[in-house]
Amino acid sequence: MKLLSYRYQQHEKFGPKVKKQEAVWDVQKINEHFGKFTDFPATLAEGTATGMDFVEQINKLVKLAEISDEAGTFKHEFTDIEWLSPIPRTPKNIFAIGKNYADHAKEMGGEAIDFVVFTKSPTAIVGDEATISLHTDVTSQLDYEGELAIVIGKGGKSIPERMAFDAIFGYTIGNDITARDLQKNHQQYFLGKSLAGSCPLGPYVVTKDELPNPHELTIVTKVNDEIRQNGKTSTMVYSIEQIVSKLSAVVELEPGDIILTGTPAGVGKGFDPPKFLASGDMVKVSVEGIGTLVTHIE
């Protein structure tokens, strides 16, 4: 199932993409109309905690709408909504795994090292088709990083690798936008990774049942239609199971947490001379099975 969060007539909502249509089901409206579930989640982030039970609730609501005489009143065309990040604000954490592709570590002047983890501020999250600042007041080296992102479901602490997928709700696309000069000057990642708009996510969360092998996905990043990154998740240094297990050994993972799994080679800093982002640029990150996340640079 492809799920999205959106704004319609000043109200924040979520729902699944209508099959074979450029539209979204308004599951909250369906639930209110039919009075089906008294415990239906208010947000997509809240729903991740119950995992596939939440997905089953949504399936039942969509079926009610489809067989009703008012099906058209329960969905909105994409042209009528404002796209939000599927998780517009994480309840707590955005984790990110650094140097998780050996070719990227090499282009950044080093080798892949033991499990680099950093965080981004939840205030950095924006959705698909967002326009973000170049932030010239604080950086002259704004860069892109296309990534597969994990959306945590029930989460947990000290999760063994064999149980890792039980903790996951689904996957989305992330662009770990980075101010390289801030990152270097502060000798840590948080400030350079947390500028407003520097964590585009979306357009969908795809539930894990639809991506049974997330280690065989292609990641392509384009800037103004020039291919910059073209990698495979199969080349990650640490697998998804290892990432979840290693993180949860130290920090309890909670529903709605986001984990950016790392970026392949081809970031702007890796070119000679570097190809940092400029005003007017459009960045497209595509991940097989999920879609394309678009970000505009103002």
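**Entry 1**

I started at E22, which counts as exposed at 52% relative accessibility. My cut-offs for relative accessible area are under 20% for buried and over 50% for exposed, with partly exposed in between (1.4 Å probe, protein chains only). Before going on, I noted that this is a predicted model, where local features need pLDDT of at least 70 and side-chain atom pairs count only at pLDDT 80 or more, while totals for chains, interfaces and linings use all residues. I also jotted down that residues are numbered from 1 along each chain as its sequence is written, and that side-chain values use heavy atoms, with hydrogens and water left out.

Which side chain does E22 meet in a salt bridge? I found K17, at 3.8 Å from N to O. The term needs a side-chain nitrogen of Lys or Arg within 4 Å of a carboxyl oxygen of Asp or Glu.

**Entry 1: the other salt bridges**

I searched the whole structure and got 13 salt bridges. I then looked at K193 and D176, whose side chains meet at 2.8 Å, N to O. For the record, helices (H or I, at least four residues) and strands (E, at least two) are DSSP runs, numbered from the N terminus.

Are K193 and D176 buried or exposed? K193 is buried at 2% relative accessibility, and D176 is buried at 0%.

Next I checked K284 and D225, which form a salt bridge at 3.7 Å, N to O. This pair links distant parts of the chain, with K284 in strand β18 (residues 282-287) and D225 in the loop between β15 (218-223) and β16 (226-232), 59 residues apart. I have K284 as partly exposed at 26% and D225 as exposed at 54%. I also traced one network of salt bridges that share partners, joining K120, D143, E145, D176, R180 and K193.

**Entry 2: rings**

How many aromatic pairs are there in the whole structure? My search gave 10. I logged F54 and F169 as a tilted pair, 6.2 Å centre to centre with 40° between the planes. F54 lies in helix α3 (residues 52-67) and F169 in strand β12, so this pair ties together parts 115 residues apart in sequence. Both F54 and F169 are buried.

I then turned to F115 and Y238, which are edge-to-face because their ring centres are 5.2 Å apart and their planes stand at 75°. F115 sits in the loop between α4 (102-107) and β7 (116-119) and Y238 in the loop between β16 and α7 (240-248), so the pair ties together parts 123 residues apart in sequence.

My ring rule covers Phe, Tyr and Trp (its six-membered ring): centres within 6.5 Å make a pair, planes under 30 degrees apart are stacked, over 60 edge-to-face, and the rest tilted. Ring pairs also link F14, F37, F40, F54 and F169 into a cluster.

What sits over the ring of F271? I found the charged end of K275 there, 4.5 Å from the ring centre. R228 also lies over the face of F271, at 5.7 Å from the ring centre. For this I ask that NZ of Lys or CZ of Arg be within 6 Å of the ring centre and within 35 degrees of the ring normal.

**Entry 3: helix α3**

I went back to α3, which has 16 residues and reaches 23 Å from its first C-alpha to its last, close to the expected 22 Å. The expected span is 1.5 Å times one less than the number of residues.

Which residues of α3 are buried? I listed F54, V55, Q57, I58, L61, V62 and A65. They cover an arc of only 155° around the axis, which puts them on the same side of α3; the arc is taken from the directions from the helix axis to the C-beta atoms. On the other side of α3, I noted D53, K63, E66 and I67 as exposed.

Most residues other than glycine have a negative phi, and most peptide bonds are trans. I looked for exceptions. The peptide bond from G202 to P203 is cis, with omega near -5°, and P203 is in strand β14 (residues 199-207). D272 and P273 are also joined by a cis peptide bond, with omega about 0°; P273 is in the loop between β17 (258-260) and β18.

For positive phi, I noted K20, near 65°, in the loop between β2 (11-16) and β3 (23-25). K20 is exposed at 88%. E129 also has phi near 65° and lies in the loop between β8 (125-126) and β9 (130-132). E129 is partly exposed at 43%.
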